Amino acid sequence: MGKNICIMGAGSWGTALSVLLATNGHKVRMWSFFKEEAEGINTHRENIAKLPGVWVPDTVTCTNDVNEALQDAEAVIMVVPSEFMRSTMKTIKGALKDNTIVVSCSKGLEDETFLTMSQIIKEEAPNVRVVALSGPSHAEEVGRSIPTAIVAASVDNEAALFVQDIFMSPMFRVYTNSDIIGVELGGAIKNVIALCAGISDGLGFGDNTKAALMTRGITEMSRLGEIMGAKPKTFSGLAGIGDLIVTCTSMHSRNRRAGILIGKGKSLEEALKEVAMVVEGVNTTKAAYHMAKKMNVEMPITNQAYEVLFNGKDARQAVVDLMMRDKKLENV
Ligand SMILES: NC(=O)c1ccc[n+]([C@@H]2O[C@H](COP(=O)([O-])OP(=O)(O)OC[C@H]3O[C@@H](n4cnc5c(N)ncnc54)[C@H](O)[C@@H]3O)[C@@H](O)[C@H]2O)c1
Ligand SMILES: O=P(O)(O)OC[C@H](O)CO
């Protein structure tokens, strides 16, 4: 039976998920931070700036009013950029009933606290049931019903099964996983590696380079995950290697595209302006860099990404410095 679902965030991913959920027979109320964005979606049945060419069904309405969006919601889908997760949760937490299922679809880590999105949600609203939905899923493809597989992760199995049910379709396969920390770390750290893969492409390096970055990127992700209590197997699944592959290779990826521009010599600010949608890997590089330092985890690619993005290091020199680190065994 169709459910009443609220989506907080009406950018490219929020809009694509609204199309999927409406197609699955649910009634969707979407909220945008921007009044004009909400009005634009209602008027044109399309998010022209962020997901052009994808038609939004009539069973989706978009509003700038939080209370209107949350009215009678049986599940709340959080899909704002990660830097706004806490402020958005603060805005809505008073209106959330106990045991409401809140689904994080955002990928990132909070600056300074290093918390994942589900941890922020739980900190702000301890009585909700939280699930993370993550995996290789570009909005441009999900919005066009291109077959996609993804993971609904939660320590609350019933909540994960509920999320699996509402999203699952012949074109959108949802697995469940109890390792929410692993799933969220995979989704956050792959953006750092995708920025680097883009920089490598922008510098004119090749497929060998990218394969090396991706493989050693998984190693970094797993090292951090181990310290955080994640299950190693999660990183060889959809939310780990799966999302890393799609983000490092697809031209849909905002992180990869920003990286390409930086590799070609643009400044970070110029690259972000040109992409004009959220590039989560930038803030995540900062958070992961400081997190790795604090926890004494070796993350050389992340360290070089930090130097290039925030200290003006030459990207080509960063690659050389990565290549010329101490000789070592592969599996340590
Ligand atoms: N785009 C994708 O293909 C995709 C896929 C999977 C996950 N994600 C994740 O989803 C999240 C959102 O990404 P997106 O691509 O939809 O971003 P986007 O840049 O397309 O849209 C961001 C949206 O966030 C909202 N917003 C802007 N400022 C805000 C504020 N101050 N407070 C609250 N909300 C604000 C607005 O509705 C805006 O349209 C990110 O964490 C991203 O990693 C994106
Ligand atoms: O466009 P990106 O780089 O933000 O990646 C979007 C999704 O995370 C891909 O799964």
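## The shell around ligand 1

The shell around ligand 1 draws at least three residues from each of domain 1 (4–178) and domain 2 (188–323); the domain bounds come from an automatic or database domain assignment. This is a predicted model, in which local features need pLDDT of at least 70 and side-chain atom pairs count only at pLDDT 80 or more, while totals for chains, interfaces and linings use all residues. Residues are numbered from 1 along each chain as its sequence is written, and chains are lettered from A and ligands numbered from 1 in the order in which they are written.

Ligand 1 is surrounded by 28 residues, the closest being Gly11, Trp13, Phe33, Phe84 and Ser106. A residue is near a molecule if its C-beta atom, placed from the backbone, lies within 6 Å of it. Two or more residues of this shell come from each of helix H1 (12–23) and helix H4 (85–92), and H1 gives the largest share, 3 residues. Helices (H or I, at least four residues) and strands (E, at least two) are DSSP runs, numbered from the N terminus. By class, the shell around ligand 1 has 12 nonpolar, 12 polar and 4 charged residues. Here Ala, Val, Leu, Ile, Met, Phe, Trp, Tyr, Cys and Pro count as nonpolar, Asp, Glu, Lys and Arg as charged, and the others, Gly among them, as polar.

## The shell around ligand 2

Around ligand 2 there are 14 residues, and Ser137, Thr247, Ser253, Arg254 and Asn255 are the closest. Helix H8 (180–203), helix H10 (238–249) and helix H11 (254–263) each give two or more residues to this shell. H10 supplies the largest share, with 3 residues.

The shell around ligand 2 contains 3 nonpolar, 7 polar and 4 charged residues. Both domain 1 and domain 2 give residues to the shell, so ligand 2 lies between them.

## The two domains

The protein chain is divided into domain 1 (4–178) and domain 2 (188–323). Their C-alpha centres lie 25 Å apart. In all, 22 residues of domain 1 are in contact with 21 residues of domain 2, where contact requires the C-beta atoms of two residues, placed from the backbone, to lie within 7 Å.

On the side of domain 1 that touches domain 2, strand E7 (148–153) and strand E8 (172–177) each supply at least two residues. E7 gives the most, with 3 residues. That side of domain 1 has 8 nonpolar, 8 polar and 6 charged residues.

## Helices H8 and H9

The axes of H8 and helix H9 (residues 207–228) come within 9 Å and cross at roughly 150°. Axes are lines fitted to C-alpha atoms, for helices over the stretch in contact, and angles run from 0 to 180 degrees between N-to-C directions. H8 and H9 are therefore roughly antiparallel to each other, a term for angles over 145 degrees.

Residues of H8 including Ile181, Leu185 and Ile193 meet residues of H9, among them Leu213, Met221 and Leu224. The contact of H8 with H9 has 11 nonpolar, 6 polar and 2 charged residues.

## Helices H13 and H14

Helix H13 (residues 280–295) and helix H14 (residues 300–311) have axes that come within 9 Å and cross at roughly 130°. That makes H13 oblique to H14; angles under 35 degrees count as roughly parallel, over 145 as roughly antiparallel, 65 to 115 as roughly perpendicular and the rest as oblique.

Val282, Thr285, Lys286, Ala288, Tyr289 and Ala292 in H13 meet Thr302, Asn303, Ala305, Tyr306, Leu309 and Phe310 in H14. The residues of this contact are 8 nonpolar, 3 polar and 1 charged.
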